Amino acid sequence: AALSPMLAPTGWHVATNLDWDNLANYLGAAGGGKLKQTGSTNWNAPNTGATNETGFNAVPSGYRDDGGTFYNLKMRAIFWGVTNDVIGSPNSNFSPALFYDQAILSTSSTFSGQCNGLSVRLVKD
């Protein structure tokens, strides 16, 4: 579904790896904390570095496997993204992530299996 052209309204697109990399570079080393909702209501403690100073308000939705089971709730926010050059190909999944115990925005992880459920963020064109 993340690769469907019908997912985003006109003038928007699913965040690409370049979008996520640009965001990580702009925010700096503790950029993940700047994106995370503060406190421990939704995030497990210690929710390292969480300031939400960007207003992104990321919550730890974890992921859902192809059998419908949820994992890593309150621990991770994992997002679908696509690579810029191979949109629509079977290997175009890209999964930036935020973690409860780290202040970084990881932009190098690839979540295997397109049958899993991850969060999606859209970017205005």
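Biologist: Is Phe79 buried or exposed?

Modeller: In this predicted model, Phe79 is buried, at a relative accessible area of 3%.

Biologist: And what about Trp20, buried or exposed?

Modeller: Trp20 counts as buried, because its relative accessibility is 2% and the limit for that class is under 20%.

Biologist: Changing topic, how many aromatic pairs are there?

Modeller: The count comes to four aromatic pairs. One of them joins Trp20 and Phe56, whose ring centres are 6.4 Å apart. Their planes stand at 75°, so this pair is edge-to-face.

Biologist: Where do Trp20 and Phe56 lie in the chain?

Modeller: Trp20 belongs to helix 1 (residues 17-27), while Phe56 is in the loop between helix 2 (31-35) and strand 2 (63-64). The pair therefore ties together parts that are 36 residues apart in sequence.

Biologist: What kind of pair do Phe56 and Phe79 form?

Modeller: The pair of Phe56 and Phe79 is edge-to-face, because the planes of the two rings are at 70°. Their centres lie 6.1 Å apart. Phe79 is in strand 4 (residues 76-82), and the pair links distant parts of the chain, 23 residues apart.

Biologist: Which residues do the ring pairs link into a cluster?

Modeller: Trp20, Phe56 and Phe79 are linked into a cluster by ring pairs.

Biologist: On to charges: which residue has its charged end over the ring of Phe56?

Modeller: That is Arg121, with its charged end 4.0 Å from the centre of the Phe56 ring.

Biologist: What sits over the ring of Trp43?

Modeller: The charged end of Lys36 does, at 5.0 Å from the centre of the Trp43 ring.

Key: Residues numbered from 1 in each chain as written. Predicted model: local features only at pLDDT ≥ 70, side-chain atom pairs only at ≥ 80, totals over all residues. Heavy atoms only, no water. Phe/Tyr/Trp six-rings, centres within 6.5 Å; stacked < 30°, edge-to-face > 60°. Helix = DSSP H or I, 4+ residues; strand = E, 2+ residues; numbered from the N terminus. Buried < 20%, exposed > 50% of the residue type's maximum accessible area, 1.4 Å probe, protein only. Lys NZ or Arg CZ within 6 Å of the ring centre and 35° of its normal.
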